[in-house]
Amino acid sequence: MAERRAENLEDGIWFDFENQVKALETLARDPWLRPELRTALQVLADDVDKAYGKFERSMRVGCPNDGGPTAADLAGEVQNG
């Protein structure tokens with residue numbers, strides 16, 4: 001299977017989450033595993049998928065200081081150099 005390359009950090013994180021979910025779902029279909037373990041793996045895959053959704057929503061909210069000076073910058077506490 002060809003590996004996909006991320007164009008940015010967000011794509012890389014999405015690919016990582018997606019790959020984890022796929023691996024868990026594949027393992028959850030393994031007929032050699034006990035049904036309880038297959039169920040637990042599927043629940044874990046669903047939880048990882050939900051965690052990505054929460055991550056994505058948190059990225060949309062952003063930080064109140066994104067792109068601007070922080071309180072420390074304004075107070076002159078940050079020294080660059």
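**Stop 1: the nonpolar core**

Select Val21, Leu24, Ala28, Leu41, Ala45 and Val48: these 6 residues form the largest nonpolar core of this predicted model. Next, colour helix H1 (9-28) and helix H2 (35-61), the elements that each give two or more residues to this core. As background, nonpolar side chains in soluble globular proteins tend to be buried together.

Now centre on Leu41. Which residues does Leu41 touch, leaving aside those up to four places away in sequence? They are Leu24, Leu27, Ala28 and Leu33. Of these, Leu24 and Ala28 are core members along with Leu41.

**Stop 2: the salt bridges**

Turn to the charged side chains. Searching the whole structure gives 2 salt bridges.

For one of them, select Glu18 and Lys22, whose side chains meet at 3.8 Å, N to O. Both residues belong to helix H1 and sit 4 residues apart, about one turn of the helix. Lys22 is partly exposed, at 41%.

Then select Arg34 and Glu36, which form a salt bridge with their closest N and O atoms 3.2 Å apart. Glu36 is exposed, at 52% relative accessibility, and Arg34 is exposed too, with a relative accessible area of 56%. Both count as exposed because their values are over 50%.

In general terms, side chains of opposite charge can pair when their charged atoms come close.

How values were computed
Residues are numbered from 1 along each chain as its sequence is written. This is a predicted model: local features need pLDDT of at least 70, side-chain atom pairs count only at pLDDT 80 or more; totals for chains, interfaces and linings use all residues. Side-chain values use heavy atoms; hydrogens and water are left out. A nonpolar core is a set of buried Ala, Val, Leu, Ile, Met, Phe, Trp, Tyr and Cys residues joined through side-chain atoms within 4.5 Å. Buried means under 20% relative accessible area, exposed over 50%, partly exposed in between (1.4 Å probe, protein chains only). Contact means heavy atoms within 4.5 Å. A salt bridge is a side-chain nitrogen of Lys or Arg within 4 Å of a carboxyl oxygen of Asp or Glu.
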